[in-house]
Amino acid sequence: MTNQGKEDIAIVGAGPVGALLAVMLARKGYKVDLFESRPDSRPDASARALYQGKSINLALSDRGWLALKAIGLDEEIRAQAIPMTCRMIHAIDGSLARQPYGRENQAIWSVSRAGINEQLITLAEQQAGVEVHFEHKLTGLDFNSGSCAFDAPGKGQERVDCRRGLIFGADGTFSKVRRLAQELPGQRISYSLDYMPQSYIELTIPASSDGSFLMEKNALHIWPRKNFMLIALPNPDGSFTCTLFMDLQGALSFESLDDEHKVSDFFRKYFPDAMPLLTDPVATFMAKAPSPLCLVHIDPWVIQEKVALIGDAAHAMVPFYGQGMNCGFEDCRVLSELVEQHQHHWPDILPAYQQARKENCDAIIELAKRNFVEMSDLAGDARFLLRKKIEAKFSEMHPELWIPLYSMVTFSPELPYAQALAVGEVQKEIMDEVMNLPDIEQNWQADCTYRLLYQLAQEKLTPNTLAKTVSNPLSPGPLNSLSQQKEVKA
Ligand SMILES: NC(=O)C1=CN([C@@H]2O[C@H](COP(=O)(O)OP(=O)(O)OC[C@H]3O[C@@H](n4cnc5c(N)ncnc54)[C@H](OP(=O)(O)O)[C@@H]3O)[C@@H](O)[C@H]2O)C=CC1
Ligand SMILES: Nc1ccccc1C(=O)C[C@H](N)C(=O)O
């Protein structure tokens, strides 16, 4: 196949974002070389251990689905994904409370990182013009000529020349492409990488002996304990991948729990219902080094009109909104649309890509950070839950005026994240006022509560801030298939 004078493209990093980008660009007629430092995990299952231990399960939501639909992979991935319709909150006394994520037919979907990554790489390989190079670790990059240097085991330093090309850094949070760009003399790059106080370890709740789930399957389980939390996401084999998020240092932290007795007491005290289900929680805790969580901001994303960052390399965020991959997929979808819009003219496409994405990615980085407090603390707070109930009821009454922030981020795939953040700020002001009404706990269903909400929403939410909050190009789509799944079950 000829690529008709189009630029050759190198993508560094075949994570979910790099692999999706390869598919999209190849389908637009580009020759794409996809370089990945890891070996291919597909030939034997044991290679999947590469992902284990540090792979918080992914929660696919409508932004991710929209991008997957664009390449026709949505149905195949949905076949192995598990819809989670609610948070299942585990109180310290073992009681359970269900918090729906959205309307009855809305869900976020648990998918394994390894699985989705492998499916995307397989699809990339099937595209004419794509070549995937495993065990190729980028070590050097000439930003003028586009010449890349890779460490390739067995071949020593392999040099790959992409002189006519474009290069995408899809190489994750600690991106080498990004680090090399920062070393360029004279380049003005604003950059920050912030570590969160929390780190995490992965634990497992296995399937029962007959392969069924030991807890509610269609939920994201949370044990919120204010400064720390345990979560569990379901896997198709009946197990749950669990993640314990906790401060690395401090009075109660990974570092303070430094012997088996302390760890055992900790699990027994804070997670009494989970402790008997978890596989060797104490031994696993003692054996594993906690993984860090960090945020990355960088500006610009495009360097010398030739190299661009995408996915975590451009905007690493904490996992608490379940939006990292969804946002990276959205980067690819938007970029792909811009390729058409600007008729393959990259000097226009790349600045437009940064312009379209940067502000929105900053917004979701911020929202993701805030969601730790919502998950680990507020999710167990009665007043916060009441607030959510009032919002949900008002949203049902006036969907043209009010979509809750969580739904704007998760179930409104064409609404820019920055707009969700801005509308969410105004909603917060309004709800603070409503929650200050006398006896709101008793009167939350009263007409006067909703009259006040309506009046404040009319006053404070302008038509401009509300634009697009309601449209969802995926309905009917994943949502419908969720109802279908329910019907099948029934
Ligand atoms: N569940 C989890 O724990 C994780 C989830 N994700 C999710 O996936 C989303 C998308 O991530 P994405 O942007 O694709 O980033 P990823 O981190 O998933 O993928 C980047 C890929 O690039 C590889 N890589 C790193 N450095 C080099 C190099 N010098 N040369 C060649 N390859 C390199 C990485 O290998 P290596 O990893 O070995 O460095 C990795 O396979 C994230 O936002 C997050 O939501 C991403 C990572 C972990
Ligand atoms: N996938 C995750 C991984 C780690 C931490 C949270 C998530 C979530 O998806 C949280 C969900 N969005 C929530 O708000 O309950």
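Which residues in α1 meet which residues in α9? In this predicted model, Pro-16, Val-17, Leu-20, Leu-21 and Met-24 of α1 meet Met-325, Gly-328, Phe-329, Asp-331, Cys-332 and Ser-336 of α9. By class, the residues of this contact divide into eight nonpolar, two polar and one charged. Helix α1 spans residues 16-26 and helix α9 spans residues 324-341, and their axes come within 9 Å and cross at roughly 20 degrees. Because angles under 35 degrees count as roughly parallel, α1 and α9 are described as roughly parallel to each other, and their crossing is right-handed.

Helix α11 (residues 382-397) packs against helix α13 (residues 417-435) at an angle of about 110 degrees, the two axes lying 11 Å apart, which makes α11 roughly perpendicular to α13. The crossing in which α11 passes α13 is right-handed. On the side of α11, the residues that take part are Arg-383, Arg-387, Ile-390 and Glu-391, and these meet Met-431, Val-434 and Met-435 in α13; the contact has four nonpolar, no polar and three charged residues.

According to the UniProt annotation, taken from an unreviewed entry, a domain named "FAD-binding" covers residues 8-196 and 305-365. Over residues 305-365, the chain is 69% helix and 5% strand, with the end C-alpha atoms 25 Å apart.

The surroundings of ligand 2 include Pro-319, Phe-320, Tyr-321 and Gly-322, and among the other residues around this ligand are Ile-56, Ala-59, Arg-87, Asn-371 and Met-375. The shell around ligand 2 divides into nine nonpolar, two polar and one charged residue.

Note on methods. Residues numbered from 1 in each chain as written. Chains lettered and ligands numbered in written order. Predicted model: local features only at pLDDT ≥ 70, side-chain atom pairs only at ≥ 80, totals over all residues. Near = placed C-beta within 6 Å. Nonpolar A, V, L, I, M, F, W, Y, C, P; charged D, E, K, R; others polar. UniProt positions renumbered as here; feature names shortened; annotations may be inferred. Helix = DSSP H or I, 4+ residues; strand = E, 2+ residues; numbered from the N terminus. Axes fitted to C-alpha atoms, helices over the stretch in contact; angles between N-to-C directions. Parallel < 35°, antiparallel > 145°, perpendicular 65-115°, else oblique. Left-handed = near helix turned anticlockwise from the far one by under 90°. Contact = placed C-beta atoms within 7 Å.
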